[in-house]
Amino acid sequence: MSSRRVLGFLPRRLSRATAILGLAAYLLGTAYSFISGDHHLFQRFGSIGVAAAILFFTDRLLEIELRRQKTVERILHEYGLELEVMREGIDPRDLPSTGFLTDYLDEELQFQSLRNRAERINSRNIFLLTIATLQWGFGDTFLNWATP
């Protein structure tokens, strides 16, 4: 593996590992502080949850954007090939219906799949961010109320 590929690979993996580590710390710390009844610690772990939500959002957003960009590049490449063939004087009606690498309907399905995945990621992230923010702001009050 070249040094350039290693340098590009490490930050992506590092950001995902940091997000997973942050989420694990948030869940374990929240569970421990809830069970032990430490309302100050419970509230403080909310900030770690907010950080984990932000890290996950940026990591997943980058992943989806790179996949979208790859699909757009594939479509543009195919349009370029078709324009080149037409420029050579071939009637567009005589272009073969097969043989081109991209099926535009498949690419549109790929876009829809990316949109659906982005919506799922966004809704999960909003849920985590809301819960962690409420815990960060009102966690001590909630835990004092919830535990006798």
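**An exposed arginine, a pocket and a buried glutamine**

At 58% relative accessibility, R124 counts as exposed, because the cut-off for that class is over 50%. The model is a predicted one. R124 is part of helix α3. In sequence, R124 and A53 stand 71 residues apart. In space, their C-alpha atoms are 9.1 Å apart.

R124 also belongs to the lining of the largest pocket. Empty space of this kind can be traced by rolling a probe the size of a water molecule over the atoms. The largest pocket holds about 280 Å³ of space. Its lining includes L23, F56, F57 and R60. Helix α3 supplies the largest share, with seven residues. By class, six of the lining residues are nonpolar, one is polar and four are charged.

Helix α3 also contains Q135. The relative accessible area of Q135 is 6%. Q135 is therefore buried, as the limit for that class is under 20%. Neighbours within four places in sequence are left aside in the contacts of Q135. The residues in contact with Q135 are then Y26, T30, F42, Q43, F45 and G46. R124 is exposed, whereas Q135 is buried.

Terms used: Residues numbered from 1 in each chain as written. Predicted model: local features only at pLDDT ≥ 70, side-chain atom pairs only at ≥ 80, totals over all residues. Heavy atoms only, no water. 1 Å grid on protein atoms, 1.4 Å probe; cavity = no way out; pocket = protein on both sides within 12 Å on 5 of 7 lines; lining within 4 Å. Points joined across faces, edges and corners; volume = space filled by probe spheres on them. Helix = DSSP H or I, 4+ residues; strand = E, 2+ residues; numbered from the N terminus. Nonpolar A, V, L, I, M, F, W, Y, C, P; charged D, E, K, R; others polar. Buried < 20%, exposed > 50% of the residue type's maximum accessible area, 1.4 Å probe, protein only. Contact = heavy atoms within 4.5 Å.
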